[in-house]
Amino acid sequence: MTMGFSGEVAEYYAKYRRGYSPQVLDALQAALGLDTDDVVLDLGCGTGQLALPLASRVRSVIGMDPEPDMLRLAKESAARQSKQNVTWVLGSDTDVPTLGALLGKSSLAMTVMGNAIHWMNHGDLFPRLRPLCRAGGGVAVLANGTPLWLQDTDWSRALRGSLERHYGRKLEATCGTGADDRSRYARALREAGFEDVREMVIEQRDELSFDQIIGGVYSAMPADELPDPDHRAAFTERVRQELGPQALFAEDVRVTMLVGRIE
């Protein structure tokens, strides 16, 4: 069941993956009319970057992920934050029919997915989710910015070059964050019977330390591609030299929320 994002990769994910701003949560809550009676499914929840803040706004959240280590760290984070209304479930998009049989029809106010959607078969997934949505509820697909190595800045281009030289291949995959990806997801939502499909955008500016950048890179690598411990310090230092000596690196973050509702 594991997708390879386990062990140290999950640890990097928990520590360095960007969370979601209150403005993003406000927009989702308004778009789908979320309230304290609702149940939300975070599919591909990782270590809880979205599930945990959502838990403060609804009755309960189900965080589902195929990586046991991700769920372990999410559960630990929930305990530190005293979030007791999140249930962590080992599973993937292919397990939605089983989950639906347990929950019943019209049981979910929202199913939300972040970048993990690019690992899923969304064409099969969206029709399976529709009968689980309550009236006025739906599906939200979030892209929490462009991958660190694909941005239009000097430091991002330097990072991309360094990674490409290390791995000997071009890095072009957008991980579900590109405009073409969102167009495909929007079309599939409409085909699945979601009547009101629209995109919302929140733009923000961030400043990243080098540790946040390299930690973010390591959080996106399958475990078998992570530099081994004996060579990781040298790899990190090479990337550091490529990016330059500055303490902080400016990033323009464009968070997109593709929302499909049912009446």
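The model is a predicted one, and in it the protein has 10 helices and 7 strands. With 263 residues, a compact globule would have a radius of gyration near 18 Å, and the protein agrees with this because its own value is 18 Å.

**Overall build**

- Along its principal axes, the C-alpha trace of the protein spans about 55 × 35 × 30 Å.
- Buried residues make up 53% of the 263 residues, while the protein exposes about 12,100 Å², of which carbon and sulfur atoms supply 49%.
- Among the contacts in the protein with a separation of 6 or more, 80% are accounted for by residues 24 or more positions apart.

**Nonpolar cores**

- In soluble globular proteins, nonpolar side chains tend to be buried together.
- The largest nonpolar core here has 33 residues, of which Leu54, Trp88, Met110 and Leu142 touch the most other members.
- At least two residues of this core come from each of helix 2 (22–32), helix 3, helix 4, strand 3, strand 4 (108–113), strand 5 (133–144), strand 6 (196–209) and strand 7 (248–261), and helix 2 supplies the largest share, with 6 residues.
- Apart from this core lies another, of 27 residues, which includes Met113, Met120, Leu125 and Leu189.
- Leaving aside residues up to four places away in sequence, Trp88 touches Cys45, Gly48, Ala51, Leu52, Gly63, Leu71, Ala74, Lys75 and Ala78.

- Helix 4 (residues 68–80) has 13 residues and reaches 19 Å from its first C-alpha to its last, which is close to the 18 Å expected at 1.5 Å a residue.
- Met70, Leu71, Leu73, Ala74, Ser77 and Ala78 are the buried residues of helix 4; they lie on the same side of the helix, because they cover an arc of only 165° around its axis.
- An α-helix has 3.6 residues a turn, so residues three or four places apart point the same way.
- The cover over the buried residues of helix 4 includes helix 1 (8–16), helix 3 (51–55), strand 2 (60–65) and strand 3 (86–90).
- Leu71, Ala74 and Ala78 are among the buried residues of helix 4 and are also among the residues that Trp88 touches.
- On the other side of helix 4, Lys75, Ala79 and Arg80 are exposed, although Lys75 is also one of the residues touched by Trp88.
- Just after helix 4, Ser82 takes a positive phi of about 55°.

Definitions and conventions:
Residues numbered from 1 in each chain as written. Predicted model: local features only at pLDDT ≥ 70, side-chain atom pairs only at ≥ 80, totals over all residues. Heavy atoms only, no water. Helix = DSSP H or I, 4+ residues; strand = E, 2+ residues; numbered from the N terminus. Expected span 1.5 Å × (residues − 1). Buried < 20%, exposed > 50% of the residue type's maximum accessible area, 1.4 Å probe, protein only. Arc of directions from axis to C-beta. Contact = heavy atoms within 4.5 Å. Rg over C-alpha atoms; globule rule 2.2 N^0.38 Å. Areas by Shrake-Rupley, 256 points an atom, 1.4 Å probe, with all protein chains shown as cover. Core = buried A, V, L, I, M, F, W, Y, C linked by side-chain atoms within 4.5 Å.
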